[in-house]
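Subject: Structure handover

Hello,

Here is the structure I promised you. Please open it and keep it on screen while you read my notes.

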Amino acid sequence: MAISCLSIATNLTVAPSPKSRNQTHTHNPLNSTLKSLSNSGKLDEALRLLLESSHQSKSALPQPNVDSYAALLHACISRKSFDHGRKLYLHLLQTEEKKDLLKNPTLKSKFVTLFSACGRLDEARRAFRHGIDEMGSVPESVYVAMAIGFSKNRNFKEALLVYWEMLSRGVRPGNFAFSAALKACSGIPDIGNGRAVHAQIIKSDEEADQVVYNALLKFYTEYGSSYEVLKVFDGMPDRNVATWNAFVAGFANKDQFFEALETFRKMQRDKVGFSWVSLTTILSVCSRMTALYFGKEVHCQIIKSAESPDVLVLNSLLDMYAKCGVTEYCKKVFDGMKSKDLTSWNTLINAYAINGLMAEAVAVFDQIIEAELKPDEVTFISLLSGFSHAGMATEGQILFDRMSAEFKIVPSLGHYACLVDILGRSGNIEEALEVVKKMPMKPSGSIWGSLLNSCRLHGYVSLAEVIAKQLFEIEPTNPGNYVMLSNIYAKAGIWDKVHSVRELMEERGIKKEAGCSWVQIQDRIHSFVSGGGFEFRNSYEYRRIWDELTREMEKNGYTPDTGVVLHDIEDEMKVEWVCGHSERVATVFALISSGSGLPIRITKNLRVCADCHVWMKHVSEVRQRRIILRDTNRFHHFEDGKCSCNDYW
């Protein structure tokens, strides 16, 4: 059945799921022995004992029953031992008097679970189908085992088809089935069938449990509207930590970071508590927003916790400090970790690389080698990207060659993208093009984008046109490519072609992303849009600080560079335009709102322009304030009129 035609009915009349008949179980000494062997991992001995007792009906050995086979299968599932389970399955299949046991719901479910857990879906499907039409009433548990097996192997469509088949056979779904169906709907994704399952949950005689509600919440946070998410959340009779985690993660996955932070705050106010998953999720949000204040609060909760944090949480904490530009805290956390994995080392390398501290990044890489750890693909991506933004072309090329020759790592598309960027940024555009030609894989949009950026840096207009044509085919809706080509034309003074690119954007319905910056003052995050914020910019405090800065910076030798305004307008208008860039407004706000001497931390969604970069250097000098600016490429640490990037970014 094609999934596109699949629609789950919400008004089916189905019989209750068959309950297990009351059976009188007699004690079988064989089962105790099997459990003991299985629990100790002696599956060979357990299987041999089971098969021997099955063959020797007249021997002193007790005959195995359903519980005997189930005990061994349970151990096989725990250890993902496909071979032992398959031998047992073939034994039952080939033994005439035992063949009917494969129709037993308990054993069928366990065989399906084992085979699917081992990634052997064909065997799982055969075990599920064997004799199912002869079983009469098939319990919900059998269908759910198969649906879960498909979902765990990312075959979500087949999982949903199994659920549909269960309904068509008249089996009433319970909470177990609802959870499996919602997971399948999340995986496809299928909002229509997900809503249909929700309707069945509402109509069901069985009250939905916490697992079902959490699955519903997760489904709607990923694919539904905010109204549906809040309706499910508000309607939940009980909310545990997992519920709140799903709620926070849903906002985070949709890049609704403010909502994620506020939900986590509410979780704290309601004294729900937290799990390590809660903190890992919110630390990721703090990393992406550069919300250092919130991140430090989470760090305090980790320290106060009675339990020792796991490596995942501490790696997230490392990443948070790295993405907030606080490498000294990142190093302290790293040094205090009792156990570290390769991700811990990679995160520290990346922390130094994105903050322009390549000597420190290389030193950590050397420590990895000394510790006899094997660096992976991520290690080299971090280092190569750092070399690119630091202008260390020779070091980058040497490392790229070492990666395959010394460490036996086959370069991926990401590694080639870094190498192309290293060569292009340093002006070796012909070498970069040669790398693209010789690559064993098709160039991606990021590689062509890197070449286009190199053309922007070095003024290669004709080559930029050729590269942009490739990009427009690969990424026809990416506004950044059109804007970059337009800027290349504008910088060269070819205004008719600038207008042509903008007209093309209008025809295709593509809008340029507005520049936006945000700054955290105590526990609040304030955002500013380029050219906006008129009320604040016209306020007395803003004008006072702005005028003071202007006078101080003029004495210090600063004059606006109107060349960065790539529009065919008068110079006075260009000065006004560049003064309204979001990072400048955010900086003035921080000067007004934060104490003297405190660092100013600003995040921008686009690359900082050249004149704003010069402006920040002057502000740091005349006001004796350290300014940390994170743009899309890297961190800029401004202090005493200098920047950590050495004007290469």
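Start at the ring of F82. The charged end of R120 sits over that ring, 4.1 Å from its centre. Bear in mind that this is a predicted model. There is another case of this kind to look up. The charged end of K340 sits over the ring of F334, with 5.0 Å between that end and the ring centre.

Next, the aromatic pairs. Searching the whole structure turns up 25 of them. Take F128 and Y143. Their ring centres are 5.9 Å apart and their planes make an angle of 70 degrees, so this pair is edge-to-face. The cut-off for that label is an angle over 60 degrees. Now look at where the two residues sit. F128 belongs to helix α6 (residues 121–129) and Y143 to helix α7 (residues 140–152), so the pair ties together parts that are 15 residues apart in sequence. Are these two buried or exposed? F128 has 1% relative accessibility, so F128 counts as buried. Y143 has 2%, so Y143 counts as buried too.

Now go to F536 and Y542. Here the ring centres are 5.0 Å apart and the planes are at 70 degrees, so this pair is also edge-to-face. Both residues are buried. They also belong to a cluster. Ring pairs link F528, F536, Y542, W546, F589 and W615.

On to charges. How many salt bridges does a search of the whole structure find? It finds 31.

D122 has 48% relative accessibility, so D122 counts as partly exposed. R125 is partly exposed as well, with a relative accessible area of 26%.

The other example is E123 with R126. Their side chains meet in a salt bridge at 3.9 Å, N to O. E123 has a relative accessible area of 13%, so E123 is buried. The cut-off for buried is under 20%. R126 has 51% relative accessibility, so R126 counts as exposed. For exposed, the value must be over 50%.

Then find R269 and E262. They form a salt bridge, with the closest N and O atoms 3.0 Å apart. R269 is exposed, with a relative accessible area of 51%. E262 is partly exposed, at 43% relative accessibility.

Salt bridges can also join up into a network. Here E541, R544, E548, E552 and R623 are linked in that way.

Last stop: T327. T327 is in helix α18 (residues 327–336). With 12% relative accessibility, T327 counts as buried. Which residues does T327 touch, leaving aside neighbours within four places in sequence? T327 is in contact with A351, Y352, N355 and L357.

Best wishes

Definitions and conventions. Residues numbered from 1 in each chain as written. Predicted model: local features only at pLDDT ≥ 70, side-chain atom pairs only at ≥ 80, totals over all residues. Heavy atoms only, no water. Phe/Tyr/Trp six-rings, centres within 6.5 Å; stacked < 30°, edge-to-face > 60°. Helix = DSSP H or I, 4+ residues; strand = E, 2+ residues; numbered from the N terminus. Buried < 20%, exposed > 50% of the residue type's maximum accessible area, 1.4 Å probe, protein only. Lys NZ or Arg CZ within 6 Å of the ring centre and 35° of its normal. Contact = heavy atoms within 4.5 Å. Salt bridge = Lys/Arg side-chain N within 4 Å of Asp/Glu carboxyl O.
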